[in-house]
Amino acid sequence: MPAGGLSVSAPPGMEFEAKITPIVVTSCVMAATGGLMFGYDIGVSGGVSSMEDFLREFFPTVLRNKHDKEGSNYCKFNDQGLQLFTSSLYLAGLTSTFFASYTTRQLGRRVTMLIAGAFFIIGVIFNAAAHNLGMLIIGRILLGCGVGFANQAVPLFLSEIAPPRIRGGLNALFQLNITVGILFANIVNFGTSKIHPWGWRLSLSLAGLPALLLTASALFMVDTPNSLIERGMPELGKAVLKKIRGTDNVDPEFNEIVEASRVARNVKHPFRSLLQRRNRPLLAITVLLQMFQQMTGINAIMFYAPVLFTTLGFKADAALYSAVITGAVNALSTLVSVYTVDRVGRRMLLLDAGVQMFLSLVAMAVVMRIKVTDNSDNLDRDWAIMVVVIICNFVSSFAWSWGPLGWLIPSETFPLETRSAGQSISVCANLLFTFVFAQAFLSMLCHLKYFIFLFSAVSVVVMSLFVLLFLPETKNVPIEEMADTVWKRHWFWKRFMNDEGNSHRVGEANNIYSAAI
Ligand code: BGC
C-alpha cells in the first residue's frame, strides 16, 4: 500500500482467512474448460489439415501437391486458404478481445464466459457441418470470438475467486489446461484419421465438449465478488465472498475490494491510462513477451506438427502419432513450471530455456539441411527418432518457460485499475502474433526451408538478451507492491516510474475514501 495510505483495508502482506471451498474447486474446473477450449482449437487444425479426406473436400490443390512427386517437399502445404483455416481464428479472437474487455467490466465475468460458450457452440456447429470453405472459415471465426471472450474472462475470474495463496498456481493451471487441450486434440486426430471419409468432422465436433462444459458451468456459477461490487452490488458481493471463502470473517478482504473497485471505477478510460508514462514499461513488457513467445516458433509445432512431420518424410500415421508425443511432452513439462516458477523465479526459467531452445533449433536446421532435400520423401527410422527427440526437447523447454510465463508475467504486473485493460492487451498481442505466425509459417517453410529454424534460433538469442537486461524478477512480490519493489528499482525502467503518477493515484484513492465515509 502506498505511503500515507488508507486505513480502510488490511495491512500489506496480511493473509485473509480463506478455505479451499467446493465453489473454488468448481471454479478451477471452469478454468480448465476455458483453457481446454483454447488448446483444443490450437491443436485440432494441424491434424485435420493433414487428413486426405479433409483436403479432398476443401483444399484439392493441396492434396494434388502432396502427391506430386515433382514439387518441393517444403512447399506441399503452402496454400493461403489452408493457412487462413488455421489463422482466421486468431484474427477474430484478437478483435473480440476489446469487446470482451467491455463486457467483462460492465456485464461481469460470468456473462462474458456465457457469451464465449455461445460463440464456441455455434462455431463448432458450423465447422462440423461445413460443406464449403466459407462455412469452415465462419466456424473458425466464431470459435476465435469464443477464444477472445474466454481468455479475457477466465483468467480474471480465476485470480479474483482464488484464495491469494494459491493464485499463482491457478494461473499456471490455465496454461496446463491449454496443453491438455492440445494433447486431447492430437489424440482425437490420431483416432479420427482412421475414420473415412468423415473423421475430420468428428475432430472438429469434439471441440463441442469443452464448449458445452464451459457454458454449463457459467450458467450455474456466481460472479466474482470483485465484479459484483464494481457493478454496484456490494451486499451480494459480500455474501458471495463469505460463501467462496467458507467464513463470515471477510471484512478485511471485502474492504480492500471495495476500495480497489472504487479506485478502478474512477478510472474512466482504462485503455488510455495504459498509455500513461508509468504504465509504458508494463505495456512494453506485455506486448514484447507475447511477441517473443510466438517468435520461438512454438506454433510451427503446435499447429503444424503433423504437416511438418509429413514434410520431413514421415508417413501419415507416424506424423499424427509423433504429434501426440510432442503434445504429451508439452503437457508434462508444464507441470515443471507449476512446481518451479515460484521457487527458482521467472528469469532463471526463461534464460535456461533460451539455451535449450537455441540448441534444439540449430540441431533441427542441421537435420533438415542434411536430410530433407526438395524431393526426397522418406526419412529413415533413426533420423525420424532423432527429429522427434529434438522437437520434444524444444517443446519441453518452451513448456516450462515461455509458455506459462508469457501469460503469467503480464497478468501480475499491472495495477488493479488497468489490470483488465492490460489483460486485454496481453490476449490481443498473443492472438495477433499467433495469427501472423500461423498465416506466414507454411509460406516461410516453403521459401526459407530449413532457415526457418535458424530464424527462430536468432530470435531466441534476442529474447534471452532482452530477459537478461530488461526483465525484472517478479517472483514472490505481492501484486499491489510491484511498482515500488520492482519497477522503481530497475536500472532502466525506473526512469518511467516517477512519483507523480503514483502520488496522483494515492490522492485519488484518498479522495474516494473520504467521500465514502
Ligand atoms: C501459447 C500458444 C501455444 C501454447 C503451446 C501458449 O502459451 O500462447 O500460442 O500454442 O502455449 O502450449
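Which backbone oxygen lies 2.9 Å from a polar atom of the side chain of Ser193? It's the backbone oxygen of Phe190. That pair is a polar contact, meaning two N or O atoms within 3.5 Å; within protein, one must be able to donate a hydrogen and the other to accept it, and residues adjacent in sequence count only if both atoms are side-chain atoms.

Before we go on, a word about what you're looking at. This is a predicted model, where local features need pLDDT of at least 70 and side-chain atom pairs count only at pLDDT 80 or more, while totals for chains, interfaces and linings use all residues. Residues are numbered from 1 along each chain as its sequence is written, and side-chain values use heavy atoms, with hydrogens and water left out.

Back to Ser193, then. You'll find Ser193 in the loop between α7 and α8. Helices here are DSSP runs of H or I with at least four residues, numbered from the N terminus. Ser193 has a relative accessible area of 16%, so it is buried; buried means under 20%, exposed means over 50%, and partly exposed is in between, using a 1.4 Å probe and protein chains only. Leaving aside residues up to four places away in sequence, Ser193 touches Met51 and Leu320, where contact means heavy atoms within 4.5 Å. Val48 sits 145 residues away along the chain, yet its C-alpha atom and that of Ser193 are separated by 8.0 Å.

The peptide bond joining His196 and Pro197 is cis, with omega at about -5°.

Now let's look at the ligand. There are 13 residues around the ligand, and Gln175, Gln293, Asn299, Asn330 and Asn430 come nearest; a residue counts as near if one of its heavy atoms lies within 4 Å. Asn430 has a polar side-chain atom 2.9 Å from an oxygen atom of the ligand. Gln294 places a polar side-chain atom 3.0 Å from a ligand oxygen, and for Trp407 the distance is 3.1 Å. Taken alone, the ligand exposes 310 Å², and the protein buries 100% of that. Accessible areas like this come from the Shrake-Rupley method with a 1.4 Å probe; for residues, only the protein chains shown count as cover.

Cys392 lies in helix α18 (residues 381–399), and its relative accessible area is 12%, so it counts as buried. Apart from residues up to four places away in sequence, Cys392 touches Ile325, Thr326 and Val329. Glu412 belongs to helix α19 (residues 402–413), and it counts as buried because its relative accessibility is 8%. The side chain of Glu412 makes a polar contact of 2.6 Å with the side chain of Thr474.

A nonpolar patch of about 740 Å² is made by Val355, Phe358, Leu359, Val461, Leu465, Leu468, Leu469 and Trp491. Patch residues have over 30% relative accessible area and no salt bridge; like charges are joined within 9 Å, and nonpolar side chains (Val, Leu, Ile, Met, Phe, Trp, Tyr) within 5 Å. A salt bridge is a side-chain nitrogen of Lys or Arg within 4 Å of a carboxyl oxygen of Asp or Glu. The largest share of the patch, 4 residues, comes from α21. Val355 has its place in helix α17, and at 52% relative accessibility, Val355 counts as exposed.

Technical notes:
Helix = DSSP H or I, 4+ residues; strand = E, 2+ residues; numbered from the N terminus.
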